[in-house]
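Here are my notes on this one, as promised. Have the model open while you read, and go through the points in order.

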Amino acid sequence: MADIKILEIDQLPAFSIDEPLDMKVWSFKKAIQQADGVIFSTPEYDHSIPAALKSAIEWVSYKQNALYHKPAMIVGTSYGPQASARAQEHLRQILASPDCDAYTLSGNEVLIGNAAKVFVDGNVTDAKVRAELESYFNNFVDFIDTTAPKEDDSMPKQPYLDDAYIKFPTGSLSFREVQQIFATIPFEIDLIDHTDHFTWYSNKPNREHVRYPNEIGEGVDECHPPKVLPIVMKIINSFKDGSRDSVSRPLMMHGHRVLIQYYALRDVDGSYLGTIEFTGSVEHILNFYDQGAWGESDGTTGASQADATSGATDASGDAAADATSGASAHDEAASDAPAAENADTTDAPDATSGASEH
């Protein structure tokens, strides 16, 4: 009925606001954030939950709260007859606190006592307990479906103002056209705003970097793995101070070649508005090149040598580089980009929401 991933807490450091965000903490928090629901399993220590579990909950709910309105179920077992009942009640109080605000399934208390008789080699042998577990888990799946945001609430297929138009210096577009342009262009776009928060991503199908609506609003330090955060901040800070306008990075993702390009988003007066990232596969472009689609360029007009005498150009000639204008002096090529030595890895950083874990 569900894909269940076990998250152990024994590798997490003790919670402290002065502790730099650990990679294990970041991965733990991301897994909970992206899950449809969370099952907490707790023993009972002195009528409460273990300190290590309380510390893990603090990490998950600190800054960007991954438990906010997250469906949660609590289970527990013990050698005695009370089966962690007091600990589970305390855990319900914690999850209902303003800093967690999880949706805890009520009326389905999984209290398994006398564990030495109920479990044999890790398996539940008591038929009554098995039936209760099956019933409670069915209820939890229904609870998740009931509390899950509807698709139209989390990612509308159409803009709210279908008939409104945006006037540009070069023409006008309806909101519907803008929406579908972002869904149609052959690359995906992500935006970090001027306050260093992830605020928007395009709804392109089959994205290289999979995004989730609940990541919107995360700070740069929350949506990036700690190991790549310094690289990302170096790019963003270079855009803020004006030393760079763009950074490009080639890398392998999901078995094919991808180009990621970061640009400083600036207002008409040059003020920094944010960092925008373009990501897309370049396999089809490189295949055209390997097949000789452009022929031999003369380096000035983009026309192939075969067309140079007649002055004719074909469709591929229009795409050739203009050697006289070139890129901005502030632009940085892929070979000079930060962390370019990791360009062949699949966990390279992106400037908006962190490295792909795939």
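**Notes on the model**

1. Start with isoleucine 4, which counts as exposed at 57% relative accessibility (buried means under 20% relative accessible area, exposed over 50%, partly exposed in between, with a 1.4 Å probe and protein chains only). Isoleucine 4 sits in the segment before α1 (23-34); helices here are DSSP runs of H or I with at least four residues, strands are runs of E with at least two, and both are numbered from the N terminus.

2. Before going on: this is a predicted model, where local features need pLDDT of at least 70 and side-chain atom pairs count only at pLDDT 80 or more, while totals for chains, interfaces and linings use all residues. Residues are numbered from 1 along each chain as its sequence is written, and side-chain values use heavy atoms, with hydrogens and water left out.

3. Ile4, Ile6 and Ile39 together make a nonpolar patch of about 310 Å². Patches take residues with over 30% relative accessible area and no salt bridge, joining like charges within 9 Å and nonpolar side chains (Val, Leu, Ile, Met, Phe, Trp, Tyr) within 5 Å. A salt bridge here is a side-chain nitrogen of Lys or Arg within 4 Å of a carboxyl oxygen of Asp or Glu. The areas are Shrake-Rupley values with a 1.4 Å probe, and for residues only the protein chains shown count as cover.

4. Now strand β2 (residues 71-77). Six of its seven residues are buried, so β2 is largely enclosed by the rest of the structure. The chain gets there from β1 through helix α2 (residues 51-61), and this β-α-β crossover is right-handed (with the strands pointing away from the viewer, the path from the first strand over the helix to the second runs clockwise).

5. Two backbone spots to look at. Histidine 47 has a positive phi of about 70° without being a glycine; it lies in the loop between β1 and α2 and is partly exposed at 48%.

6. Asparagine 206, again not a glycine, has a positive phi of about 55°. Its loop runs between β10 (198-201) and α8 (220-223), and asparagine 206 is exposed, with a relative accessible area of 72%.
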